[in-house]
Amino acid sequence: MNRKPATNDPGEARSTLKPGVTEMNAQILRDTLSVLALEAVPATTDLWPGINRQLAVRERPLRLRWGLGQRWARVAVVAIAVVGLLFVQSLLPGQLSTAQAVDLARSDPQVEAILRGDIAIATVASVVNDVATVVVQDSQGQAVTVTVDLRNRIVTRVYRGPQLSAALSAAALAAVRTDPRTSALLERGATVGQIQPIFVTGEATDPATGLSKEHSETWAQVPLELGGQEWMAYVNLPAARIDQLVDPQGGQVPLP
Amino acid sequence: MSFERAAIARLKDGDIGGLAVLVETYQLQAVRTAYLIVRDRPLAEDLTQSAFIRAYERIAQFDSSAPFGPWFLRSVANDAIKAVERARRTRSLDSDDEDGAPAIVLVDMAAGPEALLEQAEDAAAVWALLGRLPARQRAATVLRYFDGLSDAEIADQLDTPPATVRWRLFAARAKLRTWLSARADQR
């Protein structure tokens with residue numbers, strides 16, 4: 001992966017920058033985005049005629065079908081009821097298989113609302129006491145953990161975003177212990193706060209074609225607290241190292 | 001906000017006039033936000049139009065006590081991200097530097113010639129920089145600096161943890177900072 005190097009840390013104030021550059025960044029962005037948007041999309045823009053036209057086109061055939069086909073509609077309702085009854089009966093005996101639990105999890109409305117890309121992974125992480133824990137992740141790396149009650153055939157809980165696994169949390173901690181900057185903080189008595197996942201998007205270059213493509217990874221954010229002040233370590237998990245360490249003033253702590 | 005609630009109540013009763021009020025109120029912000037993300041005005045208008053129609057179809061699911069704007073903008077921003085990601089899957093990122101650069105850039109005509117040149121350079125450079133950002137970093141940047149949303153609000157809009165939003169904004173700012181520093185050195 002050919003990640004473009006991040007040049008600084010996530011705060012607004014930067015001690016390493018030329019004075020005024022940071023403030024200029026934000027102001028230039030605000031002003032320029034407004035200028036660009038106002039220029040490209042003038043105040044005379046009116047979507048209503050198009051929306052009105054589309055809604056009219058959509059509703060007309062519906063009314064026509066309903067007006068002509070009420071008898072057919074009644075037949076269809078009966079047919080759907082019969083098929084539905086047969087379907088429900090087929091599900092009644094026994095409990096859900098894990099494969100059915102995965103299907104139930106990935107089609108849950110809450111899951112669909114959270115995961116907006118194509119679903120890349122849907123797998124059962126564990127089954128304990130007839131409760132399956134299913135991890136569903138989309139192609140952008142966004143993930144949810146879903147618990148499915150296999151006996152009652154219902155999704156009982158949807159946890160948003162991946163909690164870092166124990167292994168990844170341990171890997172993040174190991175990186176913090178190894179890095180000389182954070183190990184020095186730990187030796188001075190710093191405590192480690194809640195480790196959280198972050199999703200990092202970068203660009204990967206295919207050496208064969210030279211083409212770039214977007215690539216997402218899960219990293220970890222590890223807060224360290226010492227004397228009422230907080231440092232934040234951003235751990236590149238695949239590389240097993242701290243990519244950025246932000247000091248309490250928002251500056252970046254360089255490697256010694 | 002009472003006019004908005006009245007419009008939503010009308011819409012929930014099947015009165016399409018309620019949608020007309022919402023379109024009038026939110027269309028400009030939505031199209032502009034979408035445009036800054038997708039960098040294509042017709043596409044931005046199509047996305048916003050589709051989002052309004054979807055809002056009309058799903059208005060029954062909308063909690064009338066909540067403001068309509070964030071609910072709607074969320075839909076537009078996510079559709080715009082998907083559109084960019086779909087487009088990226090079908091073409092090389094190398095072409096990003098050239099796409100959709102605005103032919104005309106608004107400048108403050110009261111400013112002097114040097115300031116005018118700087119403004120035009122800033123706008124062109126920011127536009128080019130935005131085009132190089134991955135879709136989600138770009139969306140976070142637009143929602144922060146154009147729509148003025150907080151980290152938490154952007155996280156809610158993009159269905160992503162606040163820490164991820166902070167990271168994306170950081171990455172975007174870092175790239176801009178690199179450019180600004182280089183430019184400051186040249187002067």
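**Cores and a helix pair in a predicted model**

Colleague: Which residues have the most contacts inside the largest nonpolar core?

Modeller: Val235(A), Ala34(B), Ile37(B), Ala80(B) and Ala139(B), in a core of 82 residues. By nonpolar core I mean a set of buried Ala, Val, Leu, Ile, Met, Phe, Trp, Tyr and Cys residues joined through C-beta atoms within 7 Å; buried is 20 or more other C-beta atoms within 10 Å of the residue's own, with C-beta atoms placed from the backbone.

Colleague: Where does the largest share come from?

Modeller: Helix H2 of chain B, residues 17-38, with 11 residues. Helices are DSSP runs (H or I, at least four residues), numbered from the N terminus.

Colleague: OK, new topic. How do H1(B) and H2(B) cross?

Modeller: The axes of H1(B), residues 2-12, and H2(B) come within 7 Å and cross at roughly 140°. Axes are lines fitted to C-alpha atoms over the stretch in contact, with angles from 0 to 180 degrees between N-to-C directions.

Colleague: And what does that make H1(B) relative to H2(B)?

Modeller: Oblique.

Colleague: Which residues of H1(B) make the contact?

Modeller: Phe3(B), Glu4(B), Ala7(B), Ile8(B), Arg10(B) and Leu11(B). Contact means C-beta atoms, placed from the backbone, within 7 Å.

Notes:
Residues are numbered from 1 along each chain as its sequence is written. Chains are lettered from A and ligands numbered from 1 in the order in which they are written. This is a predicted model: local features need pLDDT of at least 70, side-chain atom pairs count only at pLDDT 80 or more; totals for chains, interfaces and linings use all residues. A residue is buried if 20 or more other C-beta atoms lie within 10 Å of its own, exposed if 12 or fewer, and partly exposed in between; C-beta atoms are placed from the backbone. Helices (H or I, at least four residues) and strands (E, at least two) are DSSP runs, numbered from the N terminus. Angles under 35 degrees count as roughly parallel, over 145 as roughly antiparallel, 65 to 115 as roughly perpendicular and the rest as oblique. Two residues are in contact if their C-beta atoms, placed from the backbone, lie within 7 Å.
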